[in-house]
Amino acid sequence: MKYLVVDDSKLARLSLIKSLKTHVGEAEIFQATNGEEAVATMDSERADIVFLDLTMPVMDGYEALPKLLESNPKAKVIVVSADVQTKAQERVISLGAVLHIQKPINADKMKDILDII
């Protein structure tokens, strides 16, 4: 399995990766700081699971989400965002995300996410 963690905050990326490694060990984990980098990484690495922030510079998560799925239609995208408004949740699900989870994610929450997907 290949994982892609997309967030403009280095701290948020590292925290999520730490929680992820608790459950997936030495799996391949790639990072991107915005949607544009995420799409380029998806094109080259074909990640299976993507953790995607919404609010980022260059290309936000809303714009990146359909492009990520166009690059790899079998990928599962989990949106991880501080924006927990119903409208945001409905929008990302309609764009193809499998889950919308509130930041931050700890190891217990990560286990729940991985069990669901």
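Does aspartate 7 count as buried or exposed, and at what relative accessibility? In this predicted model, aspartate 7 has a relative accessibility of 6% and therefore counts as buried, the cut-off for that class being under 20%. The residue is located in the loop that links strand S1 (2-6) to helix H1 (10-24).

Two polar contacts involve the side chain of aspartate 7. One is made with the side chain of lysine 103, at 2.8 Å. In the other, the aspartate 7 side chain reaches the backbone nitrogen of serine 9, at 2.8 Å. Leaving aside residues up to four places away in sequence, aspartate 7 is in contact with Ala12, Arg13, Ala32, Thr33, Asp53, Met56 and Lys103.

The strands form an open sheet of 5 members in the order S2-S1-S3-S4-S5, and the pairing is parallel. Strand S2 (28-32) and strand S5 (99-102) are the edge strands, each pairing on one side only. From one strand to the next, the twist averages 20 degrees. Between strand S4 (residues 76-81) and S5, the parallel pairing extends over 4 bridges, and isoleucine 78 stands opposite leucine 99 of S5.

Two helices are described relative to this sheet. H1 lies across S1, S2, strand S3 (49-52) and S4, and runs at about 170 degrees to S2. Helix H3 (residues 61-71) also packs on the sheet, where it touches S1, S3 and S4. The direction of H3 makes about 170 degrees with that of S3.

Methods
Residues numbered from 1 in each chain as written. Predicted model: local features only at pLDDT ≥ 70, side-chain atom pairs only at ≥ 80, totals over all residues. Heavy atoms only, no water. Buried < 20%, exposed > 50% of the residue type's maximum accessible area, 1.4 Å probe, protein only. Polar contact = N/O pair within 3.5 Å; in protein donor to acceptor, adjacent residues only side chain to side chain. Contact = heavy atoms within 4.5 Å. Pairing = 2+ DSSP bridges. Axes fitted to C-alpha atoms, helices over the stretch in contact; angles between N-to-C directions.
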